[in-house]
Amino acid sequence: MTRNNTKAASRKRPATSRAKSPRPVVVLVATRKGAWFFHGDAARKNWRADGPHFLGNVVSHFALDPRDGRTLLAATRTGHLGPTVFRSTDRGRTWKEATRPPAFAKAPAGEKGRTVDHTFWLTPGHRDEPNVWYAGTSPQGLFRSNDGGVTWEPFSPVNDDMLYRKWMGTVQDGTPDGPKLHSIIVDPRDPAHLYFAMSGGGVHESVDGGSTWKLIVQGLEVVGGFDPADPTFHDPHCIRLCPSNPDRLYQQNHCGIYRRDGAGAWVRIGKNMPKKVGDIGFPLVVHPRDDNTVWVFPMDGTTVWPRTSPDGKPAVYTTRNGGKTWQRLDAGLPKSQAWWTVKRQAMTGDARDPVGLYFGTTSGELWMSRDEGRKWICIARHLPEIYAVETAELN
């Protein structure tokens, strides 16, 4: 019996030795003046810059289609040519502009219409819908492409519904660089189950492919003196779904950090952050395999919102128990006089083990950690202001 077990074990060893090495990680960086690829080696220790692409363009988002590992979309804007979307099907070697980028429907005669200032958010569709992409714009608009990003159409009744238009407010009511529709999420189990958020305008969920939407703001706070029942005053900053538990959502909000389980109300978990730091910020990253682990990057949320790291001492904070406790992760980061912060799309993770974390700063630095935030290194400096950071594994 012992000999048979030994032989069985020996037969299994070669399979382990033939296990594929992980593919190198590529970091996609969108900035105020162009886009860059940063190609890492398999160990994520050495990085090679490729760029700029779209030099002089504001690139709000730059994303890979994980369904084929080679198609990329870039949401860009120039002052004289306006907003558009570019598409590459050869891993970024060549690009073609969308023949019909996101644009609002023409207003009836005599009425004032809306104009897309820029496309802000790009989300690939469900794996069972290989050519579908979604886009969110500023001012708030929701669009869909059924041909891989070549042409775009307004999606669902959201854009022209007068109640939604009321909740969106006016351009003057929005964030410093314009109001936005963002955090477009597709449930990996069901292409008809969708989420999106508006700044301002709240968080919305559809279970019928976008035909109807339900407002989900229960439990969320708003700025003092305003009515929390009015979606106009809700300003979600970033929402993420847990890949390992799609029934759980996390949110970084104008008024804190929240978690939502199933159909329940949002619960503020940021109150457990250190009081001197607070729980105000923009980006949020969830662990790909652990729904209790989240990373955030707090900013100074006092008085006038200077949009800098608290006290000029940047740090990432993590929870590994769903928000009950938080830990500061700042090894390798500047200890003082670092007056930058991180925008809502400018922090992400890869799917490796341990998870690699990446963030880009408003001062043009790209930082990464190979060990889930325990130690940080700077892999690029002197880039333009960084708007978005994504990771990819190219085929």
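## Aromatic pairs and a cluster

Two rings of Phe, Tyr or Trp, the last taken by its six-membered ring, count as a pair if their centres lie within 6.5 Å. In this predicted model, the count by that rule comes to 17 aromatic pairs. One aromatic cluster is formed by Phe37, Phe54, Phe62, Phe86 and Trp95.

## Phenylalanine 37 and phenylalanine 62

Among the pairs is the one between phenylalanine 37 and phenylalanine 62, which is edge-to-face, with 5.2 Å from centre to centre and 65 degrees between the planes. This pair links distant parts of the chain, since phenylalanine 37 belongs to strand β2 (residues 34–40) and phenylalanine 62 to strand β4 (residues 58–64), 25 residues apart.

Phenylalanine 37 has a relative accessibility of 1% and therefore counts as buried, and phenylalanine 62, also at 1% relative accessibility, counts as buried too.

## Tyrosine 134 and phenylalanine 155

Tyrosine 134 and phenylalanine 155 form another aromatic pair, again edge-to-face, with 5.3 Å between the centres and 65 degrees between the planes. Tyrosine 134 lies in strand β9 (residues 133–138), whereas phenylalanine 155 lies in the loop between β11 (153–154) and α2 (162–168), so the pair ties together parts that are 21 residues apart in sequence.

Tyrosine 134 counts as buried because its relative accessibility is 1%, and phenylalanine 155 is buried as well, with a relative accessible area of 10%, where buried means under 20%.

## A charge over a ring

A contact of another kind involves arginine 114, whose charged end sits over the ring of phenylalanine 104, at 4.0 Å from the centre of that ring.

Definitions and conventions: Residues numbered from 1 in each chain as written. Predicted model: local features only at pLDDT ≥ 70, side-chain atom pairs only at ≥ 80, totals over all residues. Heavy atoms only, no water. Phe/Tyr/Trp six-rings, centres within 6.5 Å; stacked < 30°, edge-to-face > 60°. Helix = DSSP H or I, 4+ residues; strand = E, 2+ residues; numbered from the N terminus. Buried < 20%, exposed > 50% of the residue type's maximum accessible area, 1.4 Å probe, protein only. Lys NZ or Arg CZ within 6 Å of the ring centre and 35° of its normal.
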